[in-house]
Amino acid sequence: MPDPDLVSRALARNVKRLRTERGHTLDALAARSGVSRGMIVQIEQGRTNPSVATVVRIGDALGVSIATLLDYEEGPDVRIVPGDQAVPLWTGPEGGTGTLLHGIEAPGPLELWDWRMAPGEEYSAEPHPAGTVEILRVDEGELTLVHGERLHAVPAGSTVSFDASHAHVYRNAGERELRLTMVVSVPPPR
């Protein structure tokens with residue numbers, strides 16, 4: 001796992017750089033993202049460890065993936081991310097994790113995730129920008145996907161895709177660990 005301070009410094013540097021490149025003031029980025037100006041200041045100064053939802057909202061407002069915001073290396077055309085440098089961004093109360101494995105801008109943000117959830121854990125995701133699609137492959141256990149008002153049981157070996165511009169929940173209602181691989185595709189900013 002990468003050094004948390006390295007990741008925090010990368011987030012601070014990249015948010016400030018991207019905000020400046022796009023000509024956004026702190027207030028403009030706050031308005032676009034729904035994240036308070038004070039929180040953005042703290043992030044840009046590397047003084048806070050924001051939630052996944054906060055990082056997603058800032059990435060969406062800037063039109064980049066979480067991977068781009070957390071990228072602590074200037075890489076070549078081919079970038080290999082060793083397993084021990086993947087960034088865990090969510091930790092459940094029973095030890096589950098949501099780990100960003102890799103991400104690129106192609107032409108909008110495209111992210112690859114590894115999720116592990118203990119029995120009883122769940123993650124509630126806020127709506128992503130319109131046109132965002134998620135594809136989940138259940139590797140072990142059974143995912144209960146809550147999309148809108150409907151529950152969808154997705155057993156091991158199955159893959160599901162859905163419009164992620166609506167609030168959604170990943171839940172492990174089973175009695176064994178849930179493991180899934182997820183791809184998130186966000187359309188490029190207009």
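## Stop one: a covered helix

Among the elements covering the buried residues of α3 are α1 (4–21), α2 (26–33) and α4 (52–62); helices here are DSSP runs of H or I with at least four residues, strands are E runs of at least two, and both are numbered from the N terminus. This is a predicted model, where local features need pLDDT of at least 70, side-chain atom pairs count only at pLDDT 80 or more, and totals for chains, interfaces and linings use all residues. Residues are numbered from 1 along each chain as its sequence is written, and side-chain values use heavy atoms, with hydrogens and water left out.

Now select α3 itself, residues 37–44: Ile 40, Val 41, Ile 43 and Glu 44 are buried, meaning under 20% relative accessible area with a 1.4 Å probe, protein chains only. Look down the axis of α3 and its buried residues fall within an arc of 160 degrees, so they line one face of the helix; the arc uses directions from the helix axis to the C-beta atoms. Step just past α3 to Gly 46, which has a positive phi of about 65 degrees.

## Stop two: the sheet

Next, show the open sheet of 4 strands, ordered β4-β9-β6-β7 with antiparallel pairing; strands pair if DSSP finds at least two bridges between them. At the edges are β4 (122–125) and β7 (150–155), each with a single partner strand, so one side of each lacks a neighbour in the sheet.

Zoom in on β6 (142–147) and β9 (168–171), an antiparallel pair with 4 bridges. Pick His 147 and you'll find its bridge partner in β9, His 168.

Note on methods:
Buried < 20%, exposed > 50% of the residue type's maximum accessible area, 1.4 Å probe, protein only. Contact = heavy atoms within 4.5 Å.
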